Amino acid sequence: MYFDETHEAFRASVKKFVDKEINPHMDEWEETTVPLHDLFKKMGALGFLGIRYDPKYGGQGLDYWYETVLLEEIGHVHGMGVPTAIAVQTNMATPAIEAFGSEYLKETYLRPAIAGDMVSAIAVTEPDAGSDVFAIKTRAVKKNGHYVLNGSKTYITNGTQADFLTLLARTTDGDGYHSFGLFVVPTDLDGFHVNKKLDKVGLRSSDTAELFFDDVRVPAENLIGDEHEGFIYQMRQFQHERFAVLPGSVTAVQDMISMTVDYLRQRVVFGKPLITKQVLRHRLAGWITRNEALKQLTYHIVRMKTEGRDATREVSMGKLLAGQLISEVATGCLQMFGGMGFMNETLISRYFRDTRIMSIGGGADEVMCEIISRIEGF
Ligand SMILES: Cc1cc2nc3c(=O)[nH]c(=O)nc-3n(C[C@H](O)[C@H](O)[C@H](O)COP(=O)(O)OP(=O)(O)OC[C@H]3O[C@@H](n4cnc5c(N)ncnc54)[C@H](O)[C@@H]3O)c2cc1C
């Protein structure tokens, strides 16, 4: 209904890439971490990292429907670590540079990010500030043509491999939202340290790091837009981030259900294949129904974005629904696999570990509920 032949041709090329360049390596990358410079170089050459971005900077200049196709197909990756790393590059660390950055920042950072020559990360969360972004303590103080950065960030995806960070820091002591700046921070500056790669329950193919900034001198031209408006820019950037998880979640739910149905067809219990049990079939039908609702909400959001309408309410609802559904389906499908589902050799066990983050990262379920209730006026 929404996709024509050109979209489908694009879908086929992303699918081919996932089948050939990503899925065969997933087991290894779960042990070692995905090599992002290598992967992004290949994706950049195919134009996958700048779907919506201006051709002037190497982007494809396409619309949100093409972005949706990319995100849907990336959702077929066998595990969510690599899709997360890719979405950081396309939807989490670069949208604010594109929307509010100077020509210099677009040429120096957006262009190589689109080409896959630079790996990016988004650095907002701190040890004492996650859901409450306003509470961040990292400071950027202007001095002699530089901003001197001090503080720390944690849980930063792509953090050990990134060439630059899109980083939120406090710039003034005011207590309003207009007291923060958003910066592009190259990771080769003196005073920047990757403290450690964090050991996670899931997303094991993706690296997540704790970062320290000790008198890091960030050139003034690396400020994105106005030095007091970073919080606002980041809130807008979060909309791209939260949307990015929706299309791939729909795909992952479909894939989990499909691999579970295959198993239920062949697993004989009490003399009959498990798929004959009505209680299991009805549970699957319920998930498929809710996933269809998530898919249609996702397409509704794409229509709203295409028309230039504010979709904060709908994106928050989609993120909430996706986080809840994907975890429920992963847990429920593992249950249907029985003991086999608890074995690491069975892919569903990876989804079980990986999907749990969906209700936490990028704004937890409770934060989505806060946004929705505020917009609803209660
Ligand atoms: C694997 C992984 C990757 C990540 N990648 C990045 C990244 O690349 N960049 C980045 O900046 N951050 C990243 N994060 C951080 C992530 O966005 C935060 O973990 C998330 O926002 C939650 O913050 P917190 O962990 O500090 O939890 P807290 O804010 O301490 O919240 C703890 C719990 O309290 C709940 N809670 C909070 N407020 C309320 C409320 N008002 N009412 C009721 N309950 C509430 C939360 O929902 C949560 O369940 C990542 C995290 C993980 C685990």
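Modeller: C333 has a relative accessible area of 0% and therefore counts as buried (buried is under 20%, exposed over 50% and partly exposed in between, with a 1.4 Å probe and protein chains only). This is a predicted model, in which local features need pLDDT of at least 70 and side-chain atom pairs count only at pLDDT 80 or more, while totals for chains, interfaces and linings use all residues. Residues are numbered from 1 along each chain as its sequence is written, and side-chain values use heavy atoms, with hydrogens and water left out. A search of the whole structure finds zero disulfides (pairs of cysteine sulfur atoms within 2.5 Å).

The ligand is surrounded by 15 residues, and I122, T125, S131, Y155 and E366 are the closest (a residue is near if one of its heavy atoms lies within 4 Å). By class, this shell holds seven nonpolar, six polar and two charged residues (Ala, Val, Leu, Ile, Met, Phe, Trp, Tyr, Cys and Pro are nonpolar, Asp, Glu, Lys and Arg charged, and the others, Gly among them, polar). Strand β3, residues 146–157, supplies the largest share of the shell, namely three residues (helices are DSSP runs of H or I with at least four residues, strands runs of E with at least two, numbered from the N terminus). The ligand lies between domain 2 (121–228) and domain 3 (232–376), because both domains give residues to the shell; the domain bounds come from an automatic or database assignment.

A nitrogen atom of the ligand lies 2.7 Å from a polar side-chain atom of T125. For I122, a backbone N or O atom is 2.8 Å from a ligand nitrogen atom, and for V124 a backbone N or O atom is 2.9 Å from a ligand oxygen atom. The protein buries 63% of the 970 Å² that the ligand exposes when taken alone (accessible areas follow the Shrake-Rupley method).

Most residues other than glycine have a negative phi. D215, however, has a positive phi of about 50 degrees. D215 belongs to strand β7, residues 208–219, and is partly exposed because its relative accessibility is 47%. F270 also shows a positive phi of about 50 degrees without being a glycine. F270 sits in the loop between β9 (268–269) and β10 (272–273), and its relative accessibility of 79% means that it counts as exposed.

T276 is found in the loop between β10 and α9 (278–306). With 37% relative accessibility, T276 is partly exposed. A polar atom of the T276 side chain lies 2.6 Å from the backbone oxygen of P273, a polar contact (N or O atoms within 3.5 Å, one able to donate a hydrogen and the other to accept it; residues adjacent in sequence count only through two side-chain atoms).

Finally, W65 lies in helix α4, residues 64–74. Its relative accessible area of 10% makes W65 buried. W65 and L264 are 199 residues apart along the chain, and their C-alpha atoms are 34 Å apart.

How values were computed
Areas by Shrake-Rupley, 256 points an atom, 1.4 Å probe, with all protein chains shown as cover.
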